[in-house]
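Please view the sequence and the structure before reading on.

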Amino acid sequence: MKELEKNIQLLLQVFPMLTETEKELLLHNCHVVEFNQGETIFKEGTITSHIYFINHGLIKLVREHKNNRTIVLDIVPDAKFFGFVSLLGAKQYDVTAKAIEQSSILTIYFDAFKEIMLSNPQFTLQIMTVLSKQNLLIVNHLICISQKQLPGRVADVLLFFYKLYETTEFAFPIGRRELAEFAGTSKESFIRTLSEFKTDKIIDILDSRSIQIHSIEILEKLSIYG
C-alpha cells in the first residue's frame with residue numbers, strides 16, 4: 001500500500017482539491033501497471049473499465065483502419081489522463097493506446113472515479129477542462145493533417161516534440177513510420193520532407209533518430225501557412 005501511495009503522489013499534486021476521503025477512495029480503487037515499449041494498454045473496441053493516468057512514460061493513441069492504415073491521433077506525456085471515453089457514456093474504447101517507451105500507468109476504476117466526480121464539483125470542473133482540451137487537440141490535429149500541405153504537417157510534428165522536450169536538439173521516441181503516421185503521410189514522404197528541411201538549413205539530422213532545429217521561426221511559419 002505504501003508503494004501505491006507513493007505512485008499516486010503525482011496525481012494528487014495535479015489535483016490538490018481532493019479530500020482525504022476521496023484520496024482514500026482513489027487509493028483503494030487503483031493499481032500501478034508497468035508497460036514495456038510497444039506494449040498495448042488497451043485496444044480499440046474493448047470494453048471500457050478504467051481511467052488512466054501516466055506517472056511516467058509516453059503513450060500514443062492510434063486509430064487503426066481496415067486497409068492497414070494507422071493514424072496517430074495523440075501522444076500523451078507524464079502527468080496526463082487518457083482513456084476518458086467512458087466518462088462520455090461510451091461502452092468501448094474508440095482508440096488503441098500503446099506505450100512508446102517504458103511507462104508506469106495508474107489505472108483507476110471508472111466507478112470510483114465517477115463517485116469522486118459526483119462528490120467534488122471542483123475536481124469535476126478540472127477534469128472536464130482537461131477532457132475538452134485533449135479533444136480539441138485531437139480535432140485540431142485531424143483538421144491539420146486533412147488540410148495542410150506536407151511541409152506544414154511535418155513542421156507540426158517537429159514543433160510538437162520541441163515543446164514536449166523543451167529543447168531544439170532531441171531524439172524522436174518513435175520511428176520514422178510512426179512519425180509519418182502522426183503527420184498523416186507515408187514514411188517515404190516524411191523522410192523526403194525532413195531531407196528538404198535539412199537542405200534548407202531549417203534542421204540538422206544528427207542520426208537516424210536525432211535532429212537539431214535551427215529555426216523555430218521558419219517551422220512556425222510553415223505550420224501557420226502550411
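In what order do the 3 strands of the open sheet stand, and is their pairing parallel or antiparallel? The order is 9-11-10, and the pairing is antiparallel. The model is a predicted one, and its protein chain holds 9 helices and 11 strands.

- From one strand to the next, the twist averages 20 degrees.
- The antiparallel pairing of strand 9 with strand 11 (residues 210–213) runs over 3 bridges.
- Within this part of the sheet, Ala 171 is found opposite Ser 210 of strand 11.

**Overall dimensions**

- The radius of gyration of the protein chain is 19 Å, which agrees with the value near 17 Å that a compact globule of 226 residues would have.
- Along the principal axes, the C-alpha atoms of the protein chain fill a box of roughly 60 × 35 × 30 Å.

**Burial, contacts and surface**

- Of the 226 residues in the protein chain, 46% are buried.
- Among contacts in the protein chain with a separation of 6 or more, 71% come from residues 24 or more positions apart.
- The protein chain has an accessible surface of about 11,900 Å², and carbon and sulfur atoms contribute 52% of that area.

Technical notes:
Residues numbered from 1 in each chain as written. Predicted model: local features only at pLDDT ≥ 70, side-chain atom pairs only at ≥ 80, totals over all residues. Heavy atoms only, no water. Pairing = 2+ DSSP bridges. Helix = DSSP H or I, 4+ residues; strand = E, 2+ residues; numbered from the N terminus. Axes fitted to C-alpha atoms, helices over the stretch in contact; angles between N-to-C directions. Rg over C-alpha atoms; globule rule 2.2 N^0.38 Å. Buried < 20%, exposed > 50% of the residue type's maximum accessible area, 1.4 Å probe, protein only. Contact = heavy atoms within 4.5 Å. Areas by Shrake-Rupley, 256 points an atom, 1.4 Å probe, with all protein chains shown as cover.
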